[in-house]
Amino acid sequence: MTTVHRVFNFAAGPAVMPLPVLEQIQRDLLALPGVGMSILEISHRSKTFESILEQTEADIRTLAGIPSNYRILFLQGGASLQFSMVPMNLLADGQSADYIDTGSWADKAIKEARKIGQVNVVASTKAENYTRIPATPEISVTPGGAYVHMTSNNTIEGTQWKALPTAADVPLVSDMSSDMFSRPIDIAAHALIYAGAQKNMGPAGLTLVIVRDDLVAKAKSRAFTLPTMMNYAVHAENSSLYNTPPVFAVYATGLVMKWLLALGGLPAIAVSNERKAAKLYAEIDRTGFYRGTAAAFSRSLMNVTFRLPSDELETMFLREATAAGLDGLKGHRAVGGMRASIYNAFPEAGVDALVDFMRDFERRRG
Ligand code: PMP
């Protein structure tokens, strides 16, 4: 048997998966137990896959406490397609939608929505390089608006909402791509949640949409004008089997959901995420050599962004960290510096290794 060497993978997504899940995939890859075929080979119309899909949905419902008046859709096209599908389905003629601009991904969502209908940017921290989440009094939701769109965690800028904005009776839509299932979610406070799987849920290829029934009904009323594949109602009525879903990504995500449930669900993973992030921020704040780029009250528990005193030191840090088995720490070019993405599956031992490395680097180069 060859020994497998795994680095600590701090990538922003696709990202680290839980080791026990990878091991199970490997074990069952040639033939699913009792099926005699690989998950990569089975029909999406087979009983086996139908039960995988049903079980994954049931586990997601249990994990996040999703009420029965919400549909769970297993789609493709990434969160980026949702930037278009949300307004195509929910923004009726004569209505407007509110967007809260907290980062580069929120900005992309706004640009796509503007192609479909009228958009109000009701708060933005762009002028401050998106270093913080706006405070409640800064956000004035438009009464009677189609929906309010927010980005719960800003992957590039390393900021995260700590409490939901007050949206009154306007449906709240949230892009949770980079903090989905990282903490308990108040589903009933949302009308629609979407997230690409490739950060906190599983491999790339699957986009999860959790949508309230009344919004599905709204989508249904647009069946004659919306392209079929863009219509939430089509996917809801066909249990995400209108066309071929991403079979492998659904299967692997299902295994990750079981892993999360066995750990104790969202309250337990939230405790672990808090602890991991606290260790890293404590090191960033310890002496002033490292500088966190996000305002302290908006710091993300998923994407920890920080800079060093100079570009030269940052280049050196990255090179040495990679050589030490700490991979994927280069920040997005919009922010520069470092970004440590420490999603649910990222092991605490990797955080400890990074903290040790940071301390040692500062001692040698600081
Ligand atoms: N929204 C957020 C918050 C993201 O982090 C990303 C991906 N980094 C996207 C949207 C786009 O996702 P996708 O690549 O799945 O379309």
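1. Two strands count as paired if DSSP finds at least two bridges between them. Keep that in mind for the strand β8 (residues 172-175) and β9, which pair in the parallel sense over three bridges. Here S174 stands opposite I193 in β9. The labels come from DSSP runs numbered from the N terminus: helices are H or I runs of at least four residues, and strands are E runs of at least two.

2. A word on what you're looking at: this is a predicted model, where local features need pLDDT of at least 70 and side-chain atom pairs count only at pLDDT 80 or more, while totals for chains, interfaces and linings use all residues. Residues are numbered from 1 along each chain as its sequence is written, and side-chain values use heavy atoms, with hydrogens and water left out.

3. Now the sheet. Seven strands make up an open sheet with mixed pairing, and the order is β2-β10-β9-β8-β5-β3-β4. At the edges stand β2 (70-75) and β4 (118-124); each has a single partner strand, so one side of each is left without a neighbour in the sheet. On average, neighbouring strands are turned by 20° against each other, direction ignored. Axes here are lines fitted to C-alpha atoms (for helices, over the stretch in contact), and angles run from 0 to 180 degrees between N-to-C directions.

4. On to the other partner of β9. Strand β9 (residues 192-196) and strand β10 (residues 207-212) run antiparallel and are joined by five bridges. G196 stands opposite T207 in β10, and A195 has L208 as its bridge partner there.

5. Is β9 covered or open? Mostly covered: five of its five residues are buried, where buried means under 20% relative accessible area, exposed means over 50%, and partly exposed lies in between (1.4 Å probe, protein chains only). Both faces are covered, with L192, Y194 and G196 on one side and I193 and A195 on the other.

6. Helix α4 (residues 104-116) lies across β3 (96-101), β4 and β5 (148-151), and runs at about 160° to β3. Helix α5 (residues 213-220) also packs on the sheet, touching β2, β9 and β10, and its direction makes about 100° with that of β10.

7. How do α3 and α4 pack? Helix α3 (residues 78-90) meets α4 at an angle of about 40°, with the axes 8 Å apart. That makes α3 oblique to α4: under 35 degrees counts as roughly parallel, over 145 as roughly antiparallel, 65 to 115 as roughly perpendicular, and the rest as oblique. On the α3 side, the contact is made by S80, F83, S84, P87 and M88, and on the α4 side by W105, K108, A109, E112, A113 and I116.

8. K330, in the loop between β13 (326-327) and β14 (338-341), is exposed, with a relative accessible area of 59%. Not counting residues up to four places away in sequence, K330 touches L318, G337 and R339. P245, in the loop between α6 (232-237) and α7 (247-263), is buried, with a relative accessible area of 6%. Leaving aside neighbours within four places in sequence, P245 is in contact with H44, F49, Q76 and S240.

Terms used: Contact means heavy atoms within 4.5 Å.
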